[in-house]
Amino acid sequence: MWSYLLKRILLSVLIVFLAILALFITLHSIPGDPISIALGPRATPEIQAEYAARMHLDKPLYHQFVIFIGNVLKGDLGNDLFSNRSVLLILSEQLPYTIVLAVTAIGWSALIGIPLGCLSAVKPNSLLDKITGIVSVGTIAIPSFLVSIWAILIFSVGLKWLPVIGAGEPGDFGDQIYHLILPAFAVGLGWVGYLARMVRASMLEVMSENYIRSANAFGLKSRTIIFKYALKVAILPTITLIGVGFGALLSGTVFAEIIFSRPGIGKIIYNMVLARNFPVIQGAVLITIGMYVIVTLIADLAVSWLDPRVRDTL
Amino acid sequence: MSKILQTRRQLLQTIAFAGIAGTAVGKFPGIAYAADGATLKIQFERELDSLDPGYFVGGSPPCDVNWALMPALVHYGRGGGWIPSPHVESVVARDATHIDFTLRKGMMWTNGFGEVTTEDVAYSYDREAVSEWKGDYVAYDHVEIKDKYSGTIVLNQPFAPFMNTTLASGTGIIICKKAVEAAGGKFTTEQPASCGPYLIAEHRPGQVLKLRSNPEWNGAKPAYENIDCLFVTESSAAALAYEAGELDIAKVSADTYARYLKEIPANSSLTVAGALQYMWMGMNTDHPKLKDIRVRQAIQHAVDASAVVQGAYSGTAEQSYGVVCPGLTGRRDKAGYSYDPTKAKALLEEAGVSGLKLTLRTLNNQERMLTAQIIQANLAAIGVTVEIIPLDGGPFWDMGQEKKGDTWKELELWIMRYSSGPDPYEPFQWFVRGQVGVWNWERWSSDEFEDLFAKGVAETDTGKREAIYTRMQEIMDETGAYVYLTHEPEVFIHKSSLSPHFSPTAEMIVGAFKEA
């Protein structure tokens, strides 16, 4: 297990490095002069030169990359070009909102999707299975932004039950939950379908295994067979899916953060790309990559703990 | 006993559940409806990056907040034009180059920095005159300090728009010399000292800016004790938030404006805060395909701007007949050409051009793309094939600038929109000779135009300015390089109980908001 852990961590470090390199090249390949976009048409040549020097844009690209990596290793992600605030501080303010939204969205969808998938698999081709199938495909097919808009129109504009904008007052837990309901619903709805379909397919495969038939032959209770023996194996691909899905949600919550005017990493990346605020973009994407790698690592470790056979593979 | 509660255990369970539910409901606030008590909730379209009028990078100065927090000599009045601010006893233009002012005594800076003085005024304007906003201060020379409260602004040349476009705008904000120097000479969102009807109580970046009335303010008390400025960057999200009752005022897009014109939410009003944007299709007069003025004139006659107003803006924008925006001196009701496809075809034939293929570059937002498609159809009707090239802001704003690559050489047609200030001289500054290859992408120049531009800036007689700016637009027509399209209005929806106030450039002057 320790050897597997070490290999996975080294692989994660390599992934982060390659991702940073790709990010750096991509950012600097975006058409348009970052100086004129960031400073606007009124900036004087002196202000442009000062900006270029501050951003190291007057140096060759490889030099800029070395400076960036060096600063990252020192924990310095630079300062926001406009407000001059520390990027690390900005991101530390924004990240919790995105994590809470992603965890809540994936959490509630797992709570609904996994049992739905189990029920469908236990009673294949039943009415419940068919309804679950239709609902699952439906939730997967509806784009999340459409769910957001309809949810706002029904629950906020029509019924006035739930708020549209913001993340609630800091320190007021109830208010924060209140502001989380609609975005988490919109982000998580599609995952209900994904998880239900994934668990159903895995369960059907596992339920046809010999050891399940043996358990049935020994007269074990069906609840014990499903939850103690079948689900433990069938859940493995689902855990991987949740891990990858959570990572994707860290940047994929952008639509919810914009529509619901919530703070968060996705929204900040979107706004900063438009403004070519490179330090914040680089910092935000770096944090997202780091989170993605950590969550994937945790998912892989969970799978290897549940199924020791995967420790021999990488 | 009812059938629902048949046992003692069920009764206890029900009471316990009710208790938990009650606690939860008590914990959950109701929706923070706008105009809740004395708090006004307004939409801010963009994040607050800097409040320092001298060091604001990119975009426009953040005057909508600064006007509520900081002193100025003049403000924009509700009836249009400028009015003395609450910080002054008087502001009088003695002659074309001297403006006398007297500050009110006892206007105190926060954080113990004493009174607002003439020295602060001189420091603020001197600083602005060397900032990236120095264009607004091109005619400014210096401030003569008479005493602590009075002085004279001296201009180096007559400059008719000085009051409206400089002193009343965001660059006319006065800052506290002692406080700014103590802060190292500049600041961003944390003002070292302020002096206005409001104070910043809290700023959560990306979420909210909370303004609270300033207890030390000795001017007229503002109508609202508290103003929460919520950062909602998407206009459709803001409209939904308004409809849900979470905002008291929000800016609306063209399509939402069209929807509200048919059916407006209850107890709401629409205010058009100005239409100081001018959009046109430009043509590169240096490009070989467009070198012949008859080809450019044919294109002028082929485009139906009224179709753009209807098709791309749902009839909510005003048709444009020049670069001077509605409400300003020199605004025309007719351009020097008209929509006439037959004449357009004749001009092309006369020029001996057939099978012409052109590219049309535009920003890739909804209205511009629709506009481009309408123009594409219009030009197809006279036998000109147009390829639309949608672009992100980055490459778009660089494409006509000689310093930013060679795209300007292959530039043919493009859709452009600029914003104007409240004085008609502003749009013309981008088309003078010095702007060729910078912002004058049509790449023409004219001695008469240069001469008139200088005269217009110095002229104070409205009738003469009208004649000057009308003639300048005629010169632009005659180049054949412009097809004027629209003036987009800046529209806000707000509670009918609110009487908002805007600058001519449609920034909210929140300190002057009052109850209707």
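This report describes a sheet and a helix in chain B, and then the domains of chain A, in a predicted model.

**The sheet in chain B**

Six strands of chain B form an open sheet in the order 14-18-13-17-15-16, and the pairing is mixed. Strand 14 and strand 16 of chain B are the edge strands, each pairing on one side only. Strands of a sheet pair through backbone hydrogen bonds, in either a parallel or an antiparallel sense. Strand 15 and strand 16 of chain B are parallel and are joined over seven bridges. Within this pair, Leu360(B) is opposite Ile388(B) of strand 16.

| Strand of chain B | Residues |
|---|---|
| Strand 14 | 318-319 |
| Strand 15 | 357-363 |
| Strand 16 | 385-391 |
| Strand 18 | 482-487 |

**Helix 16 of chain B**

Helix 16 of chain B runs over residues 462-479, which is 18 residues. From first C-alpha to last, helix 16 of chain B reaches 26 Å, close to the 26 Å expected at 1.5 Å a residue. Its buried residues are Arg465(B), Ile468(B), Tyr469(B), Met472(B), Gln473(B), Met476(B) and Thr479(B). These lie on the same side of helix 16 of chain B, because they cover an arc of only 130 degrees around the axis. An α-helix has 3.6 residues a turn, so residues three or four places apart point the same way.

The buried residues of helix 16 pack against helix 14 (425-428), helix 15 (447-458) and strand 18 of chain B.

**The domains of chain A**

Chain A is divided into domain 1 (24-74) and domain 2 (93-313). The centres of domain 1 and domain 2 of chain A, taken over C-alpha atoms, are separated by 37 Å.

How values were computed: Residues are numbered from 1 along each chain as its sequence is written. Chains are lettered from A and ligands numbered from 1 in the order in which they are written. This is a predicted model: local features need pLDDT of at least 70, side-chain atom pairs count only at pLDDT 80 or more; totals for chains, interfaces and linings use all residues. Two strands pair if DSSP finds at least two bridges between them. Helices (H or I, at least four residues) and strands (E, at least two) are DSSP runs, numbered from the N terminus. The expected span of a helix is 1.5 Å times one less than its number of residues. A residue is buried if 20 or more other C-beta atoms lie within 10 Å of its own, exposed if 12 or fewer, and partly exposed in between; C-beta atoms are placed from the backbone. The arc is that of the directions from the helix axis to the C-beta atoms. Two residues are in contact if their C-beta atoms, placed from the backbone, lie within 7 Å. Domain bounds come from an automatic or database domain assignment.
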